[in-house]
Protein chains: 2
Amino acid sequence: MKLADYTELWQSLGLDLEAHDGLLRTLGQAYKEIYLSQKNRPAGMDYFDFVISEIHGLRIRELAEARKEGRMVVGTFCLYVPEELVLALDGIAVGLCAGADVGTEAAEQVLPRNTCALIKSFFGFKLSGLCPYTEVCNLVIGETTCDGKTKAYELFNEYKPTFVIEVPRMKSPAARALWRSELGRLAAKLEELSGQPLTAEKLSAAVRTVNAKRAALHRLNALRQADPAPISGRDALLINQVQFYDDPVRFTEKVNALCDELEERVRQGVGVAPAGTPRVLVSGCPMAAPNWKLPFVVESSGAVIVGEESCVGERGTRHLVSEEGSTVDDILDRLAARYLEIDCAVFTPNTERLDHITEMAKTYAADGVIHYALQFCAPYTIEAARVERALAAQEVPLLRIETDYSMEDMPQLQTRVQAFLEMVRA
Amino acid sequence: MKLADYTELWQSLGLDLEAHDGLLRTLGQAYKEIYLSQKNRPAGMDYFDFVISEIHGLRIRELAEARKEGRMVVGTFCLYVPEELVLALDGIAVGLCAGADVGTEAAEQVLPRNTCALIKSFFGFKLSGLCPYTEVCNLVIGETTCDGKTKAYELFNEYKPTFVIEVPRMKSPAARALWRSELGRLAAKLEELSGQPLTAEKLSAAVRTVNAKRAALHRLNALRQADPAPISGRDALLINQVQFYDDPVRFTEKVNALCDELEERVRQGVGVAPAGTPRVLVSGCPMAAPNWKLPFVVESSGAVIVGEESCVGERGTRHLVSEEGSTVDDILDRLAARYLEIDCAVFTPNTERLDHITEMAKTYAADGVIHYALQFCAPYTIEAARVERALAAQEVPLLRIETDYSMEDMPQLQTRVQAFLEMVRA
């Protein structure tokens, strides 16, 4: 990673330079071990390797320049914040830093220790001055998905302006009306921040841009149904993670170029692992970059991950927004409907998610499913029981993992995953 | 406690008789130590002692008889379920068992270990066949307050029919509309269950009944502003707990009779502890019966608890329903408005709660506040930071306690509470 070039930029953002250099070194090393050591990677991964190598550099420079041009940069932590609204107002939406065991001690001064790793991580990144995304953005948009985030945003707002929208728990007509009205409130806030009005034309263009991005990711995922799998689960996860940082149009182009290559691989029967390698589906909590722990454990234990039923995966990309609608209100209605299709475990009874997992297990010909939950995440850890039962009914074995971002449980994870894979193979 | 008389009743409800006998013996012993050992108790507590001694006996017989007469008995776990709707349909609303470390092992077979004690307790009571309330009721009404309960109800429904209503996270006009529509949906469900239509006359009468109950509890709480306090915090908590089990009209009568006695005590300067005894306000998570651990620790350490900012306390009783309104819809509007005034920590940003705590600290002349949170309860454990700051601004010291229903941390709690009281006294 290029450490020197951006010192001035990072300084201007108020980062803790020394600690930040240390973080980049650690991540660079981890990336080498987890990603660059893979054999038989598609050539199209070069671009994503480059993006990662510049994730705190070139991309931050682009964002800082956008800010100088008067464009807004908005940080988010959840699929439920519609990127389309930001793009339609010439803004940029980025995911904020999380996914690493960074600043945990500082975060635990503010938050209870029994808070999930994702929340402690985004708080820790901020308190330790290690996230250039948080610093470069004008506003953070939070959402009332889980209790932990809902309450943590109240405190986060004391460090960075945070605007919170309400996500309901059910999908009744009144809950849909609430959600639709929250999108209206968010649109008004973003109009104010950007200093421009939302127009149907621009909103419609933004919908098409984001639809194209999701369609490209969907295409990528569909290619993984092949045996041998043409791309590793690690690489597919990385691409799903990069979507939250990169420019959407550039990103879409690169994903499609990669898919062209993967199509060719599938045609020729080329894979990242031999045909017949055990196929695993991962389902559960989002894995924010650089959270690559479980995929690394699974794929270095002789299996290949063929799908992610996750916010950073199919849960986030499978639904497109209807491109009909000629007024702002019309399009907002369609946006609202699309976003409420996301089957996050905070919803109840959320049977759609159970249906989707069993369907994915079949479509991707998974030999087993690993349910991945962050410790203290009540929605996913509790829903795991119903996931297990739904899969058992289809005779698909499930391994339940509960973990955090530390590396302490690596040996234990390895043992459990290997035992699971042996059982699956038998 | 009378163990013999109700064997047949308990058997008919499918309780685990042996384990249930053991539970009653343990509770009887705890009650003796924590309650009956208190000095200088008001005579009016006799009634509540009697209710507790018959809480799995006489009251269950009443409920079983109501069922035989065709009346519905509805079980709830939260203030957000309006008792008025049940009463208006000639039904009975009761709180279900929780508050004790019972069936935890069984509950942890179904729920993650990192689930709060209240949820594990209500699940454990059901799985161990120890709660006659759960067994005698037709239906449980849940609510989407916290993530833990929202998701646990999905599983609880497999053991007992559970109807869940959505409680929003904010108090916007759309959130109010959602909540109002949920009350309509609940009313329809209860009409169906009871086989009768909701009428304005009966709903209005129910509103007056419940208002009278809350007003009596409010009167009780107000009397505790006196120094010396005329009643212990333990006894006041008990009364607040009994409200969820007893017949509301009988209960109101008895609370008012007790208040007459306490008024006389205040006039004569009689207290449960000498004037000048350190006064503590407890704020935070609800304490379901028989969860008396912290109050016992505090009051056996030389302080008196003068108020509860809790669902089982002022949070649940301070707001009355407007008695205007002549149609069912009118009254439902007023009910909805009243219930949304409850400042549960699941709401965001919930500044009303901070205001209420600081106001209570002043009104009750508290020397210190103990923030009581159940472990793994994200809403209250995270909100505690803002509570601490709000009180610090008023120079009111705060002690943050995070615990569960086990007795293992008693010595540690005692040490921390005693140190806090010494600091407060200094």
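Reply:

In chain A, helix H17 (residues 351-363) packs against helix H18 (residues 378-393) at an angle of about 45°, and their axes lie 10 Å apart. Axes here are lines fitted to C-alpha atoms, for helices over the stretch in contact, with angles running from 0 to 180 degrees between N-to-C directions, while helices (H or I, at least four residues) and strands (E, at least two) are DSSP runs numbered from the N terminus. The model is a predicted one, in which local features need pLDDT of at least 70 and side-chain atom pairs count only at pLDDT 80 or more, whereas totals for chains, interfaces and linings use all residues. Residues are numbered from 1 along each chain as its sequence is written, and chains are lettered from A and ligands numbered from 1 in the order in which they are written.

H17(A) and H18(A) are therefore oblique to each other, given that angles under 35 degrees count as roughly parallel, over 145 as roughly antiparallel, 65 to 115 as roughly perpendicular and the rest as oblique. H17(A) passes H18(A) in a right-handed crossing, a crossing being right-handed if the near helix is turned clockwise from the far one by less than a right angle, and left-handed if anticlockwise.

On the H17(A) side the contact involves A:Leu354, A:Ile357, A:Thr358 and A:Ala361, which meet A:Arg386, A:Val387, A:Ala390 and A:Leu391 in H18(A); two residues are in contact if their C-beta atoms, placed from the backbone, lie within 7 Å. These residues divide into six nonpolar, one polar and one charged, where Ala, Val, Leu, Ile, Met, Phe, Trp, Tyr, Cys and Pro count as nonpolar, Asp, Glu, Lys and Arg as charged, and the others, Gly among them, as polar.

In chain B, H17 (residues 351-363) and H18 (residues 378-392) pack at an angle of about 45° with axes 10 Å apart, and the crossing of H17(B) and H18(B) is right-handed.

Chain A can be laid on chain B with an RMSD of 0.0 Å by a turn of 180° and a shift of 0.0 Å along the axis, which is the relation of a two-fold axis; the superposition is by least squares on the C-alpha atoms of residues with pLDDT of at least 70 in both copies. Since 100% of the interface residues of chain A are also interface residues in chain B, the copies meet through the same surface.
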